[in-house]
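My entries follow in the order in which I made them.

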Amino acid sequence: MTASDSTTESVGTVVVAGVANLAIAVAKLAAGLLSGSAAMLSEAAHSVADTTTEVLLYVALRRSAHPADVRHPFGYGKESYVWAFLAALFTFVAGAGFAVTHGVTTILVHEHGGEYGVAYVVLAVSFAIEAVSLARAVRQIRAGSRRWRTTPRRFLRLTADTTVKAVFLEDSAALVGLVIAGAGLGLSHATGDELYDGLASILIGLLLLVVAIILARNNISLLVGRAVPERLHREIEGELAALPTVHRIDTLLTMQLGPDDVLVAAKVDFDDDATGADIEAAADEAERRLTGRYPQIGYVFLDPTRSTPGTDGQRARRIQERRAQGGPHRT
């Protein structure tokens, strides 16, 4: 699967999730107003937040697909993380804020002014629709994990495609939120005490808060400039080290420029008898190998460098390891 195919699949996943959440939001809002349930209204706010998130993620995918230009020579890939971060903030403010506030109000007021039946029907239908949307996201995650030869769980944790991660987390949270809303609604219905409905609303808000924090942290990491996963880093290093005339890879740096765009830069110690033509040929071969095996790699830069074994090369590697571990960078 090419980077273009992956983007198209992500767009499809976002569109399906957005349409599903919009329909669910309208149904939940109507059910919440008719039943007077705080948990149902919080779930309506949850779906509104998710719908807005899908719109922002769609914008992110479209904006990040713009080709590179003079002012942005590495393209617009990182812009997708800006929009995804805004989506996480909206989930935090609109979804979590409303749910927690409304839940507290319900507990304090202890009033219920509607019927429960319509709420149960909407919860059941919403659960089925959210499950369909989640199933599409899971299929994309499994396809991505096969493409990168890793487990779905590891792919979800390390992928730079924030759209599929956002849809998966939001749909998963939506299903959990529906169960919480159903439990709170059922307990309030059985006992006549609105405390349970209010507590369910607060729990839904806290659930949204957790999702928003996870997505915000992930997007901040990518905006700062995150390296590729360690296993891929080692594979890239192995490919470069296997090139003719290459003696040693002193430093290898990588960075995610976008969901499907990776930059590779390396300081390479070539053999002492390597000519300028040999180095040029090795650089061309490095780009051919890496882009052929990993279509997501868009830029490959090699810096020929001469290092004394046991000194400069080891020092460069120590600096790289400290950077990877987040330690101090001493010179």
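**Entry 1: valine 167.** I looked up the accessibility of valine 167 and found 0% relative accessibility, so valine 167 counts as buried (buried is under 20% relative accessible area, exposed over 50%, partly exposed in between, with a 1.4 Å probe and protein chains only). Valine 167 sits in helix 6.

**Entry 2: ground rules.** I note that this is a predicted model, in which local features need pLDDT of at least 70 and side-chain atom pairs count only at pLDDT 80 or more, while totals for chains, interfaces and linings use all residues. Residues are numbered from 1 along each chain as its sequence is written, and side-chain values use heavy atoms, with hydrogens and water left out.

**Entry 3: the whole chain.** I counted 10 helices and 3 strands in the protein chain; helices (H or I, at least four residues) and strands (E, at least two) are DSSP runs, numbered from the N terminus. Along the sequence the pattern reads α-α-α-α-α-α-α-α-β-β-α-β-α. Of the 331 residues in the protein chain, 45% are buried.

**Entry 4: helix 4 and helix 6.** Two packed helices are described by the angle between their axes and the distance between the axes. For helix 4 (residues 117-147) and helix 6 (residues 162-191), I read axes that come within 9 Å and cross at roughly 160°. Axes here are lines fitted to C-alpha atoms, for helices over the stretch in contact, and angles run from 0 to 180 degrees between N-to-C directions. Helix 4 is therefore roughly antiparallel to helix 6 (under 35 degrees is roughly parallel, over 145 roughly antiparallel, 65 to 115 roughly perpendicular, the rest oblique). The residues of this contact divide into 18 nonpolar, 7 polar and 2 charged. In that tally Ala, Val, Leu, Ile, Met, Phe, Trp, Tyr, Cys and Pro count as nonpolar, Asp, Glu, Lys and Arg as charged, and the others, Gly among them, as polar. The crossing of helix 4 and helix 6 is left-handed, meaning that the near helix is turned anticlockwise from the far one by less than a right angle (clockwise would be right-handed).

I also checked alanine 135, which lies in helix 4. Alanine 135 is partly exposed, at a relative accessible area of 31%. Alanine 135 and phenylalanine 168 are 33 residues apart in sequence and 8.9 Å apart in space, C-alpha to C-alpha.

**Entry 5: helix 3 and helix 7.** How do the axes of helix 3 and helix 7 cross, and within what distance do they come? The axes of helix 3 (residues 79-109) and helix 7 (residues 195-224) come within 7 Å and cross at roughly 165°. The two helices are therefore roughly antiparallel to each other. I sorted the residues of the contact into 24 nonpolar, 9 polar and 1 charged. Helix 3 passes helix 7 in a left-handed crossing.

Glycine 198 is in helix 7 and is buried, with a relative accessible area of 0%.

**Entry 6: aromatic pairs.** My search of the whole structure gave 2 aromatic pairs. Rings of Phe, Tyr and Trp (its six-membered ring) pair if their centres lie within 6.5 Å; planes under 30 degrees apart count as stacked, over 60 as edge-to-face and the rest as tilted. The rings of phenylalanine 74 and tyrosine 299 have centres 5.0 Å apart and planes at 75°, so this pair is edge-to-face. Phenylalanine 74 is in the loop between helix 2 (38-64) and helix 3, and tyrosine 299 is in strand 3 (residues 297-304), 225 residues apart. The rings of tyrosine 299 and phenylalanine 301 have centres 6.4 Å apart and planes at 15°, so that pair is stacked. Phe74, Tyr299 and Phe301 form one aromatic cluster. Phenylalanine 74 is partly exposed at 36% relative accessibility, and phenylalanine 301 is partly exposed at 40%.

**Entry 7: aspartate 69.** Aspartate 69 is in the loop between helix 2 and helix 3, and is partly exposed at 32% relative accessibility. Its side chain reaches the backbone nitrogen of histidine 72 at 2.7 Å. The side chain of aspartate 69 also makes a polar contact with the side chain of tyrosine 76, at 2.5 Å. A polar contact is a pair of N or O atoms within 3.5 Å; within protein, one must be able to donate a hydrogen and the other to accept it, and residues adjacent in sequence count only if both atoms are side-chain atoms.
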